[in-house]
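Subject: Structure for you to look at

Hello,

Here is the structure I promised. Please open it alongside this note; my findings follow below.

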Amino acid sequence: MTNTKTAVSAHKVYKTYGAGDAAVTALAGINVDFSAGEFTAIMGPSGSGKSTLMHVLATLDTADDHPETSIRIDGVELHGLADAEVTDFRRDHVGFIFQAFNLIPTLTAEQNILLPLGIAGKQADERWYQDLVRKLGLAERLNHKPSELSGGQQQRVAIARALLARPSVIFADEPTGNLDTASGTEVLKLIREACDQLGQTVLMVTHDPVAAAYADRVLVLKDGQIVEEIRRPSRETVLAALAKAGA
Amino acid sequence: MKTSTLKTVAHSHVTSQRKKFVLTSISIGVAAFFLAAVFLLTQTLTASFRAASEPLYSRADYVVNAPGSGLMLSAQQGSADQSATLTQQQVDALKNSSEVDIVGTRSLTYLGFTTDKTSSSESMRAEALPDSPDSFTYDFEGALPTNKNQVAIPSTMADKLGLSLGDSISVEGPAGQAADTENQAFTVSAVYSVDTTLSPDSMTFYFEPQVLDSLIPAAQNNSAELSNYEEVSVKLKDAAAGFPEDLKDKLSSGSADTQPVIVSSSEQVDLYVKQLSMGLDVLTYVLLTFAGIALVVATFVIANTFRVLTTLRVSELAMLRTLGAQRRQLTTMLLREALALGFFSSLVGVVLAFILAALAQLFVPRGIVIGFSPIAALVGIGVGILVTVASSLVPAVKAMKVSPLSALSTAQRAESEPAVSRPTMTAGALLLVAGAGLYVFAVVADRPFLVLIATFVLAIGALLLFPLLLWLLLKVLQRIARGSTVTLALNQAVNSMQRTASTGVIVFLSATLISGVLMGHSTGVASNAKMSETAYPVALNSPVFEEESEKGQHLEWSQIQQKEEELEGIDHVSSASLAAPAGVITEGFPEDQGQGPEVFAVDPEKISQTIAGLDQELTENTVLLPVAFDSSLDGKTVVISAGQHRVEATARVSEVGFYAPLISKNTAQPLLESADTQTTGYSAMVNTEPGLTSVEAQTVLEEVASATGADESKIFGGINDKLRNEQVMKIIVGVMLGLLSLATIIALIGVANTLSLSAFQRRRENAMLRSIGLSAKKLARLVALESLLIAAVSVICGIAAGIGLAMLGVQVLAVDGIDIVYAVNPFALLVVAVFGTGLAYLASLLPAKKASRVSPVTALAIS
């Protein structure tokens with residue numbers, strides 16, 4: 001379920017690493033909008049800039065200074081803000097799901113899920129929390145530490161952590177990369193449900209065409225630019241686009 | 001609804017990572033234990049002093065003090081005139097006052113006494129019983145003296161001398177002086193309870209008041225009006241009204257120097273406690289210095305633990321940043337963990353100190369009161385927390401620099417930081433330069449305290465720069481190393497200099513401290529030996545022929561020569577000269593200097609060989625006077641007499657300080673043949689070869705004592721001085737090494753901790769080595785070898801630094817005018833090198849074994 005409201009927008013986004021002869025252009029003036037409630041997959045060959053684009057959009061990295069550069073989430077201009085302001089914004093508006101799960105190993109599943117709101121100094125909505133935990137099948141595992149959970153369970157905890165605060169956007173970086181097929185499929189379905197039923201906006205970086213097929217839209221990057229956009233993607237259309245991009 | 005915050009993360013870390021924190025906790029706990037123990041000890045002594053002093057004044061309201069009493073002088077409340085006692089008029093005014101209920105006095109009278117139970121004379125303070133038996137504040141067995149032949153003694157003296165009721169003592173007269181009265185015999189009629197030798201009454205014997213006067217010669221009193229009382233305790237009929245003003249007026253002497261000091265009984269106890277505690281400050285400072293050293297070593301251990309753990313948690317910290325934690329929140333979280341660790345670890349240390357103190361109460365002598373002061377707990381825990389938080393500050397601040405992007409990198413971050421950061425290197429270099437400059441100034445300007453400060457500054461500079469030196473030395477070893485395992489171990493060490501430096505600094509610091517103390521000790525012994533040789537004219541001066549002398553026999557010179565030859569036959573004795581009593585200077589000696597001194601006859605040739613540096617030849621018809629005599633006597637004619645026999649001689653004053661005037665045996669012949677010459681007081685002067693060891697010196701002393709038949713305690717000279725000082729130095733160095741052993745234990749814990757954390761940090765590296773074919777056994781050997789190499793280089797550098805710093809530090813004695821003889825004890829330093837390296841190696845074995853157990857597959861898997 002999508003609507004026409006723009007959740008995330010990027011305009012004239014540049015990112016270069018290194019200087020002089022060793023300079024590498026990761027992003028070459030990207031312009032892209034992401035609608036609220038939309039599930040977008042970002043793909044491309046190695047070095048295409050897909051991870052860099054996600055890092056910059058997620059405020060984990062900063063774009064190069066350019067007079068026309070603009071990065072907005074929920075209408076708030078983020079480019080040029082101080083680190084503390086960006087951090088505060090990220091805390092309140094952005095959720096993350098990582099390939100490596102990145103749960104705090106010394107906290108239980110429950111404590112990991114509640115942590116982002118705790119850092120923000122907010123209390124979780126009890127009903128929403130219980131609902132989420134039930135939907136993600138974590139009710140029996142809340143008191144377990146990550147080392148006591150399977151990969152799929154850990155990723156579901158990460159999804160719960162990302163969804164609990166109802167962020168403006170969730171960034172998922174290869175969320176199925178460390179999972180077996182069954183667990184990966186489960187995770188993708190959950191992300192899909194979050195978009196359909198909760199109106200969550202999700203941006204996912206992946207190299208897996210099967211995973212990309214769960215998205216509403218696929219963006220293919222090459223050499224720091226968007227070279228193709230696929231609406232209602234299938235595995236085959238994604239593969240073809242990737243082949244065309246040289247992945 | 002539950003919450004989960006950064007506090008939750010901090011708490012979960014401290015509890016979940018207990019094993020990683022165990023060794024660090026022990027370091028903090030040991031340091032906190034020692035600190036608390038120091039304060040418990042000082043509080044115990046203070047409490048014991050108070051318990052010892054309070055009974056004295058338990059029935060008094062006020063105490064009137066003589067301005068010149070020791071207590072008033074130490075409290076800086078009295079007069080500078082030490083002879084200012086209370087006058088008899090003042091004491092009588094108190095006794096006769098209608099406002100005073102009871103008066104108790106304390107005198108200044110010290111007397112010698114003997115008993116059947118002891119062979120030598122003992123000292124006591126003689127005191128008159130209070131007028132009223134009610135004001136005798138102690139419990140006692142028997143009955144208080146009721147006649148002039150009875151005495152009440154304290155239980156401390158009864159226990160010490162084995163005295164009991166009915167035993168007798170014989171009072172000799174004022175201690176240290178010949179008695180003017182005949183020895184007086186007293187029977188012990190009462191033994192009163194004194195809990196501890198700390199009590200001022202632990203050697204007070206109570207007599208009937210009239211008896212005291214007969215024991216004190218009239219000549220001892222400066223004035224007929226002066227009493228011998230240094231304080232009078234007063235119980236008032238109406239204490240609530242305060243000390244009566246009219247009585248104060250009566251006590252007023254009109255002179256500031258003799259004005260009595262009136263204080264309340266509680267103030268008096270405070271003054272006593274303060275006086276008894278005066279030496280305590282020095283003890284406290286020394287113990288706190290060693291506690292400080294232990295804390296410094298603990299600081300390195302804690303700092304390293306947090307550095308490693310923070311490095312291991314970069315991903316987690318980055319994750320927290322992605323979830324919206326601000327930089328300062330991460331720093332606060334880490335400091336919170338440090339606070340929790342510091343609190344619980346030091347709490348355990350402090351509790352242990354209190355438990356041991358409670359157990360000690362069961363074994364300490366009666367009268368020692370264990371002072372369970374809350375200050376000990378507060379200091380132990382407070383300092384433990386402070387040190388832990390301060391040590392974790394740098395890693396905590398570094399955590400602020402963690403970027404959220406780090407959460408997304410799954411590659412192991414290589415340690416890229418150099419062994420020594422630029423600021424640390426700069427600080428170290430600046431301290432070395434500043435320390436060197438200050439040192440030169442201090443030596444030139446004769447400022448001993450500045451010498452110590454400069455040495456300390458140089459030591460800190462060296463410590464800061466040591467990791468750089470370690471890196472350089474390991475690089476040199478890398479170039480010359482042969483063998484794949486050694487080369488690989490050195491590569492590992494050089495490529496991870498932060499980890500290497502963490503282990504190395506702790507070993508270096510410990511080796512520096514211990515070898516510095518040992519170097520200081522060996523230099524002290526050598527300097528003392530030289531000082532003893534030069535400060536004394538002879539190595540030993542012993543009474544001789546005491547048995548023969550007692551028979552009243554006059555000795556032939558041949559007997560004297562025989563004894564000289566016997567003494568010269570002792571190993572390491574270079575020469576011996578016997579001195580025979582010849583007579584006394586009766587004419588020619590200035591009258592204002594009192595009676596002329598006794599003169600001794602010697603063989604001139606022998607004496608010039610025996611007295612080191614004798615500047616003048618002892619010629620015939622000359623009496624040689626030591627340097628202590630007035631130089632105006634030089635050249636004067638004096639007469640030496642023994643009964644009716646007289647000999648004239650010319651006085652010569654020497655620059656050397658030998659013990660008595662000397663005359664040639666030939667010149668003294670008429671006196672020696674005289675029946676009036678006294679036959680007691682023969683002495684043997686013995687000189688030895690230079691540079692004797694303590695064992696050789698002790699042997700010479702024993703053999704001289706055996707040859708002369710004298711008790712060793714009656715023999716004096718350079719050797720005694722040397723042996724006595726060496727004994728003191730041995731005790732001091734033993735205590736210092738004992739106290740340093742605490743820091744060494746913490747250091748060993750630190751090494752084990754560093755290696756353990758390092759093994760965890762390097763599990764991927766180790767797994768890689770396993771995966772390319774290194775067996776578990778070889779991997780363990782590699783890790784242990786790496787530790788051995790680091791420890792060996794660090795110990796050797798530490799020994800060199802310890803020697804150097806000690807050599808600089810002992811200059812404080814040279815500034816004081818003492819000749820320094822530098823000496824190294826190679827055996828002791830070898831022991832430090834072997835043990836230091838060995839212990840550090842042993843500390844690495846378990847971590848090495850754990851490191852080798854890592855499964856290549858598990859460790860290489862992306863977690």
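A residue counts as exposed when its relative accessible area is over 50%. By that cut-off B:V834 is exposed, because its relative accessible area is 53%. Please keep in mind that this is a predicted model.

Surface patch

B:V834 sits in helix α27 of chain B, which covers residues 826–852. The residue also belongs to a nonpolar patch on the surface.

Strand β4

Now to strand β4 of chain B, residues 122–128. This strand is mostly covered, with six of its seven residues buried. Two strands pair with it, as follows.

- β3(B), residues 110–115, runs antiparallel to β4(B), and four bridges join them. Here B:G112 has B:S123 as its bridge partner.
- β9(B), residues 204–207, runs parallel to β4(B), again with four bridges. Here B:A128 stands opposite B:F207.

In a regular strand, side chains alternate between the two faces of the sheet.

Chain B overall

Chain B has 863 residues, and 50% of them count as buried. There are 28 helices and 19 strands in the chain. Among contacts in chain B with a separation of 6 or more, 80% join residues 24 or more positions apart.

Best wishes

Definitions and conventions: Residues numbered from 1 in each chain as written. Chains lettered and ligands numbered in written order. Predicted model: local features only at pLDDT ≥ 70, side-chain atom pairs only at ≥ 80, totals over all residues. Heavy atoms only, no water. Buried < 20%, exposed > 50% of the residue type's maximum accessible area, 1.4 Å probe, protein only. Contact = heavy atoms within 4.5 Å. Patch = residues over 30% accessible without salt bridge, like charges linked within 9 Å, V, L, I, M, F, W, Y side chains within 5 Å. Areas by Shrake-Rupley, 256 points an atom, 1.4 Å probe, with all protein chains shown as cover. Salt bridge = Lys/Arg side-chain N within 4 Å of Asp/Glu carboxyl O. Pairing = 2+ DSSP bridges.
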